[in-house]
Amino acid sequence: MKKIFQLKATEILKKIEENNLKKEEVYHHFKERIERIDPLIKSFIEVYDYYPTEKGAPVAIKDNICIQGRKITCASKILSSHIAVYDATVIRKIKKEGLLILGATNMDEFAFGSSCENSCYYPTKNPWDLKKVSGGSSGGSAAAVAARLVPFALGSDTGGSIRQPASFCGVVGFKPTYGRVSRFGLVAFGSSLDQIGPITTNFTDCAYLLNIICGFDELDSTSANIEVPDFMKALIEDVKGIRIGLPSEYFQEGLDEEVKEAVMKVAKTLEKKGAKILEISLPHSRYAIATYYIIACSEASSNLQRFDGVRYGLQIKEKEMLELYRQTRKEGFGIEAKRRIFLGTYSLSTGYYEDYYLKALKVRTLIRKDFEKAFSTVDVILTPTSPTPAFGLGEKIKDPLSMYLSDIYTVSVNLAGIPAVSFPCGFTSNDLPIGAQLIGKPFDETTLIKVGYTYERLCKDFFERTPEIAK
Amino acid sequence: MITPQTVKYVAELARIKITEEEIEFLKEQLGKILEYINNLKEVDTDKVEPTRGVFFQENRLREDIPCKKDIFKEILKNAPQKEDNYFKVPKVIE
């Protein structure tokens with residue numbers, strides 16, 4: 001018989017409902033695993049005590065999503081004692097569903113990073129190899145799910161922060177269409193790019209969690225007021241006639257051979273089931289990183305102005321107001337946050353605005369149009385999630401540009417606002433997970449789930465295999 | 001080109017105190033990043049409209065009706081310094 005941690009979240013829910021499992025038993029099972037295994041990877045910032053809920057299946061929350069009465073730190077010194085005074089909309093929905101919120105997971109400070117090394121607490125390590133990064137910025141959520149310390153979790157994705165750690169940790173990470181999930185109560189990073197999404201071990205749990213969190217919300221002015229389909233109905237094995245595009249720009253120089261091979265194999269597997277594989281072009285892909293970092297940093301520098309040491313968070317006491325701001329922000333922000341605030345402030349400043357910020361907004365249009373054109377001939381796009389498997393701890397932290405370039409296949413999706421999912425598609429010769437990315441048309445999460453689910457049924461082992469430390 | 005003066009100027013705009021060492025460090029790193037970013041200059045964007053947001057960008061207005069009273073406590077809960085129903089800051093006028 002399977003142990004609790006080997007079950008899908010949806011299986012746990014069913015067993016609880018049928019009285020084959022007790023809610024307390026489920027909680028203590030995962031709590032014991034966290035106490036035993038998490039010291040190795042450090043994926044949690046805080047684990048909450050048991051409290052009664054209707055359904056009892058535990059979910060972990062990235063520490064940039066507000067849960068009323070709980071600490072929310074964004075893994076930043078500037079917020080290290082902050083208590084959320086309201087629930088994010090996704091939390092309100094999760095509570096209404098009756099899930100148990102198990103704890104807050106680690107992340108790069110304010111979601112700035114691709115390795116989870118920019119946390120003010122500690123880096124989260126990769127459960128498959130403790131010398132490797134978990135990815136970022138939702139590294140804590142991805143590592144916790146991969147190590148089976150929690151059945152599923154929420155992350156946030158501004159330029160790949162759900163998908164890249166999911167690929168590094170061998171789990172499913174879904175970024176919905178911009179506007180699908182309310183951003184109310186998510187600490188803002190890049191407001192035109194941010195989306196909350198699920199990190200799970202499989203597509204069934206992914207569809208279940210999407211059903212809970214998606215939907216129009218008056219409290220988010222960019223929330224999409226359009227109908228949300230039942231994503232559970234997309235869990236069907238059928239890819240007949242589905243046109244899958246492979247963008248040539250995503251398979252060029254810089255892509256690891258083993259990753260390339262694994263992703264090409266995904267195409268072949270789906271082709272055998274009746275999908276059509278087509279080569280496509282996204283010609284402005286080479287400008288995506290530059291465009292993304294200007295826009296994301298500009299929005300971040302603006303959003304982070306609120307951390308002034310007056311209304312909340314850290315305050316360094318000074319006799320003069322301006323000096324209080326300057327000292328508080330010097331002490332409160334880590335180096336990557338400062339770098340991004342500087343880059344954003346520079347891009348938005350008089351004399352540089354046209355050359356940087358405005359230019360990036362225009363190239364963003366071209367990147368968006370590349371996708372529109374591609375989607376006139378294909379239904380989904382298949383790419384690697386990251387050019388390499390998980391890299392070493394400390395390997396890129398001193399060279400920010402090389403860190404930024406690791407997001408090369410994920411940022412365009414946020415610039416275009418479209419949905420995408422990373423799912424496990426194999427292992428390297430060193431037993432590190434490899435992730436493939438499926439990109440969909442706006443508001444067509446359904447096709448991504450259908451194709452992903454079909455692939456999962458064909459290649460179950462990639463989804464079910466667990467790291468040694470999780471056993 | 002990023003000069004130490006540029007770094008100091010941006011630090012002032014961003015209200016972040018920086019040390020002499022950090023000026024050198026940030027000058028070098030921002031210079032490298034901007035050098036990479038400058039490849040955007042080769043893209044012809046003369047007739048391209050900027051994208052400020054992707055979907056549903058219309059302003060959604062609502063009636064201005066107060067919906068909750070007595071939220072001072074909640075708002076002030078995380079304030080580092082407060083007095084009565086106010087945030088407390090150093091004196092800003094002489």
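**Note on the predicted A–B complex**

1. Start with the core. This is a predicted model, and its largest nonpolar core has 159 residues. Within that core, Val59(A), Ile65(A), Val150(A), Ala153(A) and Tyr293(A) touch the most other members. Helix α8(A) supplies the largest share, 10 residues.

2. Look next at Tyr293(A). Which residues does Tyr293(A) contact once its neighbours within four places in sequence are left aside? Two are in chain A, Leu343(A) and Tyr404(A). The other is Ile37(B), across in chain B. Tyr293(A) is also one of the core residues that touch the most other members.

3. Now the interface. Chain A brings 53 residues into contact with 37 residues of chain B. On the chain A side, the elements giving two or more residues are α8 (288–303), α9 (321–332), α10 (335–348), α11 (354–374) and α12 (400–405). Of these, α11(A) gives the most, with 10 residues. By class, this side of chain A has 26 nonpolar, 14 polar and 13 charged residues.

4. Confidence in the complex comes as two scores. The predictor gives an ipTM of 0.94 and a pTM of 0.97.

5. Chain B has its own figures. Its pLDDT averages 90, and 98% of its residues score at least 70. Where in chain B is confidence lowest, and where highest? The lowest is in helix α3 (residues 72–76) of chain B, at a mean of 87. The highest is in helix α1 (residues 4–14) of chain B, at 96.

6. Where pLDDT is low, the predicted coordinates should not be read in detail.

Terms used: Residues numbered from 1 in each chain as written. Chains lettered and ligands numbered in written order. Predicted model: local features only at pLDDT ≥ 70, side-chain atom pairs only at ≥ 80, totals over all residues. pLDDT = per-residue confidence, 0-100. Helix = DSSP H or I, 4+ residues; strand = E, 2+ residues; numbered from the N terminus. Contact = placed C-beta atoms within 7 Å. Nonpolar A, V, L, I, M, F, W, Y, C, P; charged D, E, K, R; others polar. Core = buried A, V, L, I, M, F, W, Y, C linked by C-beta atoms within 7 Å. Buried ≥ 20, exposed ≤ 12 C-beta atoms within 10 Å, placed from the backbone.
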